[in-house]
Amino acid sequence: MIARPQHNTATRPAHVRSRKSFDHSPMLVFYELTRACDLVCLHCRACAQKRRDPNELDTTQSKRLIDQLVEFPDPPMLILTGGDPLKRHDIYELIEYAVDSGIDVSITPSATPLVNRDSIRRLRDAGISRMAISVDGADAATHDANRGVAGSFDHSMNVLRIARELGVQTQINTTLTPANVDQIETMGERFGELDIALWSVFFLIPVGRATEMERLNADECEDAFARLHAQAELQPFMLKTTEAPHYRRYVIQNTTKQTNAAPRGFIPAGVNDGKGVMFVSHTGVIFPTGFLPIHCGDFPSQSIVDVYQNSPTFRMLRDSDQLEGKCGVCEFRNVCGGSRARAFGVTGNPMAEEPDCNYIPPAFHGSTPCPPSLAPTA
């Protein structure tokens, strides 16, 4: 098969998306192709199982979902996730179909024997834009303990090397917990040698299996932000956080006014749960994200475009005036807004204040905050 042209999403100009465009189009759509997976990760949102669900959307339905992505005024990027998307026999067909429709496609395979030189080559030839591999520690002991399978760390490292050899752009996803937070610098240095495009650091949400796990508290998050920001300055890759939008607040506060420049990977539009993001489950249930399990609609009986644009939950999540507690008066509420998934997971209220943020807005004490120089106003 002739290799298809690669679509480099890392170079896509950030100015094409804004909070206004998020009212009608997400930047990212996550499609959970299956919940089947051979790993048993401690933090798994999906509580993945060995076998595929017989009620998964089939190939024809999956293609109909892709067709609807093109109907958004600004078609989003598609991230194929799971479980392990390589458990689907039609994975390469679906990637080709989406790419031929003009959609940028990324994938998050599990680090099992299913992802190997042959499957990575087939992903590349189908037109994949980026492959994300999860690495949850700087060494095998830390990572394998979290993933539940011995040898997972070594396989992940090998997969990243093979992808680089085959010309497939990669990123690393890391779930940060008390078990690996002391390894931030070591992970950053090691990942800096792997020619990755992005390090995406996920801050735990109490959902799925992760309800039994300990997460970082607000002060520990702030300390982690400082150390991650230092790595963003030192390493060649871009760095972003997932479900920790208050990292943007930290970066704004700690960027020198002399340069007045946003850091690499900074998203001024303020992507958040249901705001620039949507998630479709393996059976077609539509959520704001995979970490915010509020049922908003059902595909294929409902249009994903209509649900994203008009669902009361999606519209509420995009309205910063409905934020409560200190988030509601925070001067960073549009660029940050706190994790809506964590607020829901901890309190049952998706608009409650971010539980793991230690910042106290001046307005929370009755004074008027001074708008930060880098925080967007539109």
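Biologist: How many residues does the largest nonpolar core have?

Modeller: In this predicted model, the residues with the most contacts inside that core are Leu78, Met131, Phe191, Trp199, Phe203 and Ile304. Helix H5, residues 152-166, supplies the largest share of this core, with 7 residues. The core as a whole has 86 residues.

Biologist: Which residues is Leu78 in contact with, leaving aside its neighbours within four places in sequence?

Modeller: Leu78 is among the residues with the most contacts inside the largest core. Once its sequence neighbours within four places are set aside, its contacts are Val29, Tyr31, Ile66, Leu69, Ala98, Ile103, Asp104, Val105 and Ser106.

Biologist: What is the bridge partner of Ile172 in E6?

Modeller: Strand E5, residues 170-176, pairs with E6 in the parallel sense over 6 bridges. The partner of Ile172 in E6 is Trp199.

Biologist: What is the angle between the planes of Phe332 and Tyr359?

Modeller: A pair of aromatic rings is described by the distance of the centres and the angle of the planes. For Phe332 and Tyr359, the centres are 5.7 Å apart and the arrangement is edge-to-face. The angle between their planes is 75°.

Biologist: How many residues apart in sequence are the parts that this pair ties together?

Modeller: Phe332 is buried at 4% relative accessibility, and Tyr359 is buried at 16%. Phe332 lies in the loop between helix H11 (325-329) and helix H12 (340-347), whereas Tyr359 lies in the segment after H12. The pair therefore ties together parts whose separation in sequence is 27 residues.

Biologist: How far from the ring centre of Tyr308 is Arg318?

Modeller: Arg318 lies over the face of the Tyr308 ring. Its distance from the ring centre is 4.4 Å.

How values were computed:
Residues are numbered from 1 along each chain as its sequence is written. This is a predicted model: local features need pLDDT of at least 70, side-chain atom pairs count only at pLDDT 80 or more; totals for chains, interfaces and linings use all residues. Side-chain values use heavy atoms; hydrogens and water are left out. A nonpolar core is a set of buried Ala, Val, Leu, Ile, Met, Phe, Trp, Tyr and Cys residues joined through side-chain atoms within 4.5 Å. Buried means under 20% relative accessible area, exposed over 50%, partly exposed in between (1.4 Å probe, protein chains only). Helices (H or I, at least four residues) and strands (E, at least two) are DSSP runs, numbered from the N terminus. Contact means heavy atoms within 4.5 Å. Rings of Phe, Tyr and Trp (its six-membered ring) pair if their centres lie within 6.5 Å; planes under 30 degrees apart count as stacked, over 60 as edge-to-face and the rest as tilted. A charge sits over a ring if NZ of Lys or CZ of Arg is within 6 Å of the ring centre and within 35 degrees of the ring normal. Two strands pair if DSSP finds at least two bridges between them.
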